[in-house]
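Have the sequence and the 3D view ready as you read.

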Amino acid sequence: SEMCIRDRFYLTRAQEIYREEHGDESMSYGDVIFELGKVFEKSNDLQKALELLFKVEKIQRICIGDENTTYANTVYMIGKVYFKLEDFSNAQMYLEQRVNMNEEVNIDEEEYIEALLKLGKTFENEEEFPRAIELYVKAEEVN
């Protein structure tokens, strides 16, 4: 069916992206689902992206815990998708979680800055300007 063809295309694209980023390492089920989530996010199929990212988040929390870069990336992606959906309260929840993760997890500085900026924007949209400014300043300091 058309849906199977589309899903196969996305899976193939996810595997290509993973290999570009990680070389020829074998992909775990969680890795595949995460990369699929990223592909759906980039293609603006945001509900499908969320569905997949929630699966990944659950797998990661159970298998590797929630204090590592891999989990932080997933939390950020969920927040980013909610942000794109303009669901700012859910975006805020996940982006805040990403920003508040311990410093060890903030290895991906670019993602950390993006999370701070997006989180600031959610507060700006709610007209909570002092909090938004605080986050923008923090992003600038990291940068």
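Start with α2 and α4, which pass each other in a left-handed crossing (left-handed means the near helix is turned anticlockwise from the far one by less than a right angle, right-handed means clockwise). Helices here are DSSP runs of H or I with at least four residues, numbered from the N terminus. This is a predicted model, where local features need pLDDT of at least 70 and side-chain atom pairs count only at pLDDT 80 or more, while totals for chains, interfaces and linings use all residues. Residues are numbered from 1 along each chain as its sequence is written, and side-chain values use heavy atoms, with hydrogens and water left out.

**Helix pairs**

Two packed helices are described by the angle between their axes and the distance between the axes. The axes are lines fitted to C-alpha atoms, for helices over the stretch in contact, and angles run from 0 to 180 degrees between N-to-C directions.

| Helix pair | Angle | Axis distance |
|---|---|---|
| α2 (29–42) and α4 (69–84) | about 20° | 11 Å |
| α3 and α4 | roughly 155° | within 10 Å |
| α5 (88–100) and α6 | about 145° | 9 Å |

With that angle, α2 and α4 are roughly parallel to each other (under 35 degrees counts as roughly parallel, over 145 as roughly antiparallel, 65 to 115 as roughly perpendicular and the rest as oblique). On the α2 side, the contact (heavy atoms within 4.5 Å) is made by Phe34, Lys38 and Glu41, and on the α4 side by Asn73, Thr74, Met77, Lys80, Val81 and Lys84. Sorted by class, that gives three nonpolar, two polar and four charged residues (Ala, Val, Leu, Ile, Met, Phe, Trp, Tyr, Cys and Pro count as nonpolar, Asp, Glu, Lys and Arg as charged, and the others, Gly among them, as polar).

Residues of α3 including Leu46, Leu50 and Phe54 meet residues of α4, among them Tyr71, Ile78 and Val81. This contact has eleven nonpolar, three polar and three charged residues.

The crossing of α5 and α6 is left-handed too. Phe88 and Leu95 are among the α5 residues there, and Tyr112, Leu116 and Phe123 are among those from α6. The count is nine nonpolar, three polar and four charged.

**The largest pocket**

Which helix gives the largest share of the lining of the largest pocket? That's α2, with seven residues. The helices α1 (2–22), α2, α3 (46–63) and α4 each supply at least two. The pocket's volume is about 490 Å³. Of its 22 lining residues, Phe34, Glu35, Lys38, Thr70 and Asn73 are the closest to the centre. The lining holds seven nonpolar, six polar and nine charged residues.

A pocket is an open set of points on a 1 Å grid over the protein atoms alone, where a 1.4 Å probe fits, with protein on both sides within 12 Å along at least five of seven lines; lining residues have an atom within 4 Å of a point. Points are joined across faces, edges and corners, and the volume is the space filled by probe spheres set on them.

**Two loop residues**

Finally, look at Asn44 in the loop between α2 and α3. Its phi is near 65°, a positive value in a residue other than glycine. Glu127, in the loop between α6 (109–125) and α7 (129–142), has a positive phi of about 60° although Glu127 is not a glycine.
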